[in-house]
Amino acid sequence: MQLTRKQQAYLADFISSETISRQQRNRAQVLQHWLADVPAQESGELLGLSIDRVYSMRRAFSQQGFNDYLHAVPRCGAPTKLTPKLEGLLRRLMRGPAPANHRRWTLPLLAQRVVELGYAERICTITVQKALRQISASTQRRGALKAAEGPCALMQAS
């Protein structure tokens, strides 16, 4: 693996920057170690990464090139299924009665209903739980805003 002098200087500046994330720094340091012929095992040990991760990062550099590799936006897993439509559905379901033979809505029941209604091909109960937390937080914020508006509205009216 070879880099131009300009790329090597940029890499050194990039690593010393205080504004990059840990993931970006690790990517750059793996590249720097590779440039210095540091074995993947040793590079992983120095950075606290598995040898498989080091090889994966080297492969990503080979495929993406210098700039794209260093400035790649981190992607974590699949895109979220939490859409405004889904949140609206969950709000409506939670307001309504639970299905027959059930005292209340459970996360698996909600997930099953989301799939039955065609809002998602499949959905994890954790995703449903996150949506319910967001709904609860937004409801609490709206309640706090309404409570705060009360005295202000009275003061402005007088």
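## Helix 7 and its end

Helix 7 is followed by G118, a residue with a positive phi, near 80 degrees. Helices here (H or I, at least four residues) and strands (E, at least two) are DSSP runs, numbered from the N terminus. This is a predicted model: local features need pLDDT of at least 70, side-chain atom pairs count only at pLDDT 80 or more, and totals for chains, interfaces and linings use all residues. Residues are numbered from 1 along each chain as its sequence is written, and side-chain values use heavy atoms, with hydrogens and water left out.

Helix 7 spans residues 107-116. Its buried residues include L109, L110, A111 and V114. Buried means under 20% relative accessible area, exposed means over 50%, and partly exposed lies in between (1.4 Å probe, protein chains only).

## The chain as a whole

The protein chain has eight helices and zero strands. Along the sequence the pattern reads α-α-α-α-α-α-α-α. Of its 158 residues, 28% count as buried.

Contact means heavy atoms within 4.5 Å. Take the contacts between residues at least 6 apart in sequence: 49% of them join residues at least 24 apart.

## Charge pairing

Side chains of opposite charge can pair when their charged atoms come close. The rule for a salt bridge is a side-chain nitrogen of Lys or Arg within 4 Å of a carboxyl oxygen of Asp or Glu. By this rule the count is one salt bridge. E116 pairs with R113, and the closest N and O atoms are 3.3 Å apart. Both residues lie in helix 7, three residues apart, about one turn of the helix. R113 counts as partly exposed because its relative accessibility is 32%.

R58 is a contrasting case. This residue lies in helix 4 (residues 51-64). R58 is buried yet has no salt bridge. The nearest side chain of opposite charge, D37, is 7.4 Å away. For charge, Lys and Arg count as positive and Asp and Glu as negative, while His and the chain ends are not counted. Leaving aside neighbours within four places in sequence, R58 is in contact with V30, W34, V38, P39 and A40.

## Packing of helices 2 and 3

Two packed helices are described by the angle between their axes and the distance between the axes. Helix 2 (residues 22-35) and helix 3 (residues 40-47) pack at about 145 degrees, with their axes 10 Å apart. Axes are lines fitted to C-alpha atoms, for helices over the stretch in contact, and angles run from 0 to 180 degrees between N-to-C directions. The crossing of the two helices is right-handed. A crossing is left-handed if the near helix is turned anticlockwise from the far one by less than a right angle, and right-handed if clockwise.

Helix 2 contributes N26, Q29, V30 and H33 to the contact, and helix 3 contributes S43, L46 and L47. The contact residues divide into three nonpolar, four polar and no charged. Here Ala, Val, Leu, Ile, Met, Phe, Trp, Tyr, Cys and Pro count as nonpolar, Asp, Glu, Lys and Arg as charged, and the others, Gly among them, as polar. N26, in helix 2, has a relative accessible area of 11%, so N26 is buried. Beyond residues up to four places away in sequence, N26 touches L47, L49 and M57.

E87 lies in helix 6 (residues 84-95). At 18% relative accessibility, E87 counts as buried. E87 and L132 are 45 residues apart in sequence, and their C-alpha atoms are 7.9 Å apart in space. Not counting residues up to four places away in sequence, E87 touches Q134 and I135.

A12 belongs to helix 1 (residues 5-16). A12 is partly exposed because its relative accessible area is 37%. A12 and Q32 are 20 residues apart along the chain, with 8.2 Å between their C-alpha atoms.

## Positive phi in the loops

D37 is not a glycine, although its phi is positive, about 60 degrees. D37 sits in the loop between helix 2 and helix 3. Its relative accessibility is 68%, so D37 counts as exposed.

N101 also has a positive phi, near 70 degrees, in a residue other than glycine. N101 is placed in the loop between helix 6 and helix 7. At 82% relative accessibility, N101 counts as exposed.
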